[in-house]
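Please prepare a briefing on the protein structure shown below.

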Amino acid sequence: MTKSDDACPASSPRIRLSDGRYLAYKERGVPKNESNYKIIIIHGFGSSKEMNFLAPQELIDELRIYFLSFDRAGYGESDPNPKRSVKSEALDIQEVADRLELGSKFYVIGISMRSYPTWSCLKNIPHRLAGVALVVPVINYSWPSLPDYLTKEDNRKKLLQFVLWISNHAPGLLYWWLTQIWFPSSSSIESSTEFFNNRDIDILQKTSGFPMLSQDKIRKRGVFECLCRDFIASFGDWDFDPMELSNPFPQNESSVHIWQGYEDKVVPYQLQRYVSGKLPWIRYHEVPDGGHLIIHYPGLCEAILRALLLGEENPLYGVS
């Protein structure tokens, strides 16, 4: 829910940003002042700070990892940002880190459609990053360096362009389409073989799925407006091309990783391989039978952390 939809006081701790907005957050892992690693986890589309990151407790204790997640603008118990942009997302992350005194550098893990704040961190605050992992990052088809031959037959591109146009020019029609056509029931998207492979659907049967994409939530105007702004920022025109970014760790003092499922039906692995190929300083990992929800697969969070924090490579997720 957004603030406009819920008159109840926030149940989570919140911080006040410099522009007056409040963001709700959640801390996990070891106490901040006892940690060796501080990681900010950026939740996915329709999700919240409550999303599960299934790292083994033994590993958290061994490495002394502190996790911070927060409801991004308009999500959960955080105030909306009518001026949301790609850059504002990175600045929110930086200000949250400063308000909570995470130090001069921190790690960032961005998931799915929320990879755009993570790309924005690489562009706008690279000096604050200790390391980065992008998990099934969604591709923006308007990136200038993305070649037409990779996308011209991709129906996802046509669908996203249509939704982006209608989001900008006819949001009322989009609201009707989402509530009456695309989400006729709360389980529509979560059982769709158009978006998920068999492993993903098995995961969704055991988890809460996408809390803001239920039929009841999507009907609330505040929720709809939050999702709409988020979508426009993610797939609209950016002020930079990620494939022209410089390595934030030129001395190999840390690393940037992309994790991708070979059977992902939301983001084709071919596009992800192309992006990684254009940025050779990114370490690319591919899950052979993975769909779009690999973050929920057993063992994946541990592999992500070991690669990000320790530089350990798991041969199961290499590309031949």
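The chain contains 11 helices and eight strands, where helices (H or I, at least four residues) and strands (E, at least two) are DSSP runs numbered from the N terminus. This is a predicted model, in which local features need pLDDT of at least 70 and side-chain atom pairs count only at pLDDT 80 or more, while totals for chains, interfaces and linings use all residues. Residues are numbered from 1 along each chain as its sequence is written, and side-chain values use heavy atoms, with hydrogens and water left out.

- Of the 320 residues in the chain, 56% are buried; buried means under 20% relative accessible area, exposed over 50%, and partly exposed in between (1.4 Å probe, protein chains only).
- The chain exposes about 14300 Å², and carbon and sulfur atoms supply 50% of this area; accessible areas come from the Shrake-Rupley method with a 1.4 Å probe, and for residues only the protein chains shown count as cover.
- Among contacts (heavy atoms within 4.5 Å) between residues at least 6 apart in sequence, 76% join residues at least 24 apart.

**Salt bridges**

- Side chains of opposite charge can pair when their charged atoms come close.
- The structure holds 19 salt bridges, each being a side-chain nitrogen of Lys or Arg within 4 Å of a carboxyl oxygen of Asp or Glu.
- One of them joins Arg 14 to Asp 79, with the closest N and O atoms 3.7 Å apart. This pair links distant parts of the chain, since Arg 14 lies in strand E1 (residues 14-16) and Asp 79 in the loop between strand E4 (65-70) and helix H2 (86-99), 65 residues apart.
- Arg 14 is partly exposed at 30% relative accessible area, whereas Asp 79 is buried at 7%.
- Lys 49 and Asp 71 form another salt bridge, their closest N and O atoms being 2.9 Å apart. Lys 49 is in the loop between strand E3 (37-42) and helix H1 (57-63), and Asp 71 is in the loop between E4 and H2, 22 residues apart.
- Lys 49 is buried, with 3% relative accessibility, and Asp 71 is buried, with 0%.
- Lys 49 and Asp 71 also belong to a network of salt bridges with Lys 26, Glu 50 and Glu 77.
- Asp 98 and Arg 128 meet in a salt bridge of 2.8 Å, N to O. Asp 98 sits in helix H2, and Arg 128 in the loop between helix H3 (115-124) and strand E6 (129-135), 30 residues apart.
- Asp 98 is partly exposed at 41% relative accessibility, but Arg 128 is buried at 10%.

**Nonpolar cores**

- In soluble globular proteins, nonpolar side chains tend to be buried together.
- A nonpolar core is a set of buried Ala, Val, Leu, Ile, Met, Phe, Trp, Tyr and Cys residues joined through side-chain atoms within 4.5 Å.
- The largest such core has 53 residues, of which Ile 40 and Trp 119 touch the most other members. Its largest share, five residues, comes from H2.
- Leaving aside neighbours within four places in sequence, Trp 119 is in contact with residues including Leu 134, Trp 143, Phe 240 and Ile 282.
- Another core, of 39 residues, lies apart from the largest one; among its members are Tyr 37, Ile 294, Ala 303 and Leu 309.

**His 292**

- His 292 is located in the loop between strand E8 (282-287) and helix H11 (300-310), and is buried at 7% relative accessibility.
- The side chains of His 292 and Asp 264 are joined by a polar contact of 2.8 Å. A polar contact is a pair of N or O atoms within 3.5 Å; within protein, one must be able to donate a hydrogen and the other to accept it, and residues adjacent in sequence count only if both atoms are side-chain atoms.
- Not counting residues up to four places away in sequence, His 292 touches several residues, among them Ser 112, Phe 195, Asp 200 and Val 266.
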